[in-house]
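Me: Please take a close look at the ligand site in this model. I would like the contacts and the surroundings in one connected account, with cut-offs stated.

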Amino acid sequence: MASKDLANYRKNYSKSSLDESHLKHSPFDLFNEWFEKADADPRIEEANAMSLSTAGKDMRPRTRVVLLKELNQKGFVFFTNYRSKKGLALVENPFACISFFWPSQERQVIIEGKVEKISEEDSDVYFNSRPLGSRLGAIASPQSQVISDRAFLERELHKIQEEFKTETPKRPGHWGGYILVPEYFEFWQGRENRLHDRIRYDFDNNSWSSVRLAP
Ligand SMILES: Cc1cc2nc3c(=O)[nH]c(=O)nc-3n(C[C@H](O)[C@H](O)[C@H](O)COP(=O)(O)O)c2cc1C
């Protein structure tokens with residue numbers, strides 16, 4: 001149990017605001033503006049860390065952190081093991097949600113959409129840009145599988161290191177990128193007295209429209 005009295009744990013939010021005059025036509029532009037601010041804030045270590053929620057056929061949602069590795073005009077790209085729990089859930093149900101929380105900015109962004117694999121070529125480009133240790137680690141680790149102990153991983157890594165002593169490791173087919181193509185964005189800016197600003201964007205008929213939500 002937490003030693004603090006969580007029920008009396010309160011923070012007042014007063015750093016900024018999000019009113020209609022700040023809105024951009026495209027939520028991607030507003031996201032970029034917020035992301036750049038978060039990234040430039042020395043109090044935020046990994047502004048690109050996002051919670052990714054998926055739910056497979058069993059209808060049980062699961063959330064974990066992954067890193068945003070590219071944001072392009074189509075969507076949000078992250079990399080993982082396609083055979084991981086999230087990979088298997090995405091085969092059963094490609095709809096997912098990502099969210100960013102930047103506490104020092106008192107901001108949250110929630111994005112929902114459909115996830116698809118990026119091209120093999122794009123996954124290769126990213127895989128090959130990673131440090132050697134990360135590439136070998138990705139090959140060695142059967143992500144989300146039960147393993148006997150830590151020594152298993154070290155043995156696997158050692159085997160892979162031996163195998164690729166003289167040749168460059170190639171991206172394994174079960175590791176690569178996904179892109180979440182947004183259909184919904186929600187920008188949350190903390191405000192005083194819990195009257196936070198929430199602006200939602202929806203993608204309908206090929207264009208984005210925004211509305212304000214009650215906090
Ligand atoms: C800060 C942080 C960054 C992470 N980045 C990634 C990532 O980019 N890709 C990834 O597969 N796992 C990443 N992880 C590990 C995941 O949270 C998770 O443990 C792993 O992907 C297995 O999830 P799954 O079993 O639900 O598929 C990260 C964890 C943390 C805490």
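**The ligand site**

Reply: A polar side-chain atom of Ser-144 sits 2.6 Å from a ligand oxygen, a polar contact being a pair of N or O atoms within 3.5 Å; within protein, one must be able to donate a hydrogen and the other to accept it, and residues adjacent in sequence count only if both atoms are side-chain atoms. The model is predicted, with local features needing pLDDT of at least 70 and side-chain atom pairs counting only at pLDDT 80 or more, while totals for chains, interfaces and linings use all residues. Residues are numbered from 1 along each chain as its sequence is written, and side-chain values use heavy atoms, with hydrogens and water left out.

Thr-80 also has a side-chain N or O atom 2.6 Å from an oxygen atom of the ligand. For Ser-84, the distance from a side-chain N or O atom to a ligand oxygen is 3.3 Å. On its own the ligand has 620 Å² of accessible area, of which the protein covers 66% (Shrake-Rupley method, 1.4 Å probe; for residues, only the protein chains shown count as cover).

The shell around the ligand consists of 13 residues, and Arg-62, Val-65, Thr-80, Lys-86 and Ser-144 are the closest; a residue is near a molecule or strand if one of its heavy atoms lies within 4 Å of it. By class, four of the shell residues are nonpolar, four polar and five charged (Ala, Val, Leu, Ile, Met, Phe, Trp, Tyr, Cys and Pro are nonpolar; Asp, Glu, Lys and Arg are charged; the others, Gly among them, are polar). Strand β2 gives the largest share of this shell, five residues. At least two residues each come from β2, β4 and α2 (85-92); helices (H or I, at least four residues) and strands (E, at least two) are DSSP runs numbered from the N terminus.

A pocket is an open set of points on a 1 Å grid over the protein atoms alone, where a 1.4 Å probe fits, with protein on both sides within 12 Å along at least five of seven lines; lining residues have an atom within 4 Å of a point. The lining has 15 residues, with Phe-79, Thr-80, Arg-130, Gln-143 and Trp-175 nearest the pocket centre. β2 (62-67), β4 (76-81) and α4 (132-140) each supply at least two lining residues. Seven residues of this lining are nonpolar, five polar and three charged.
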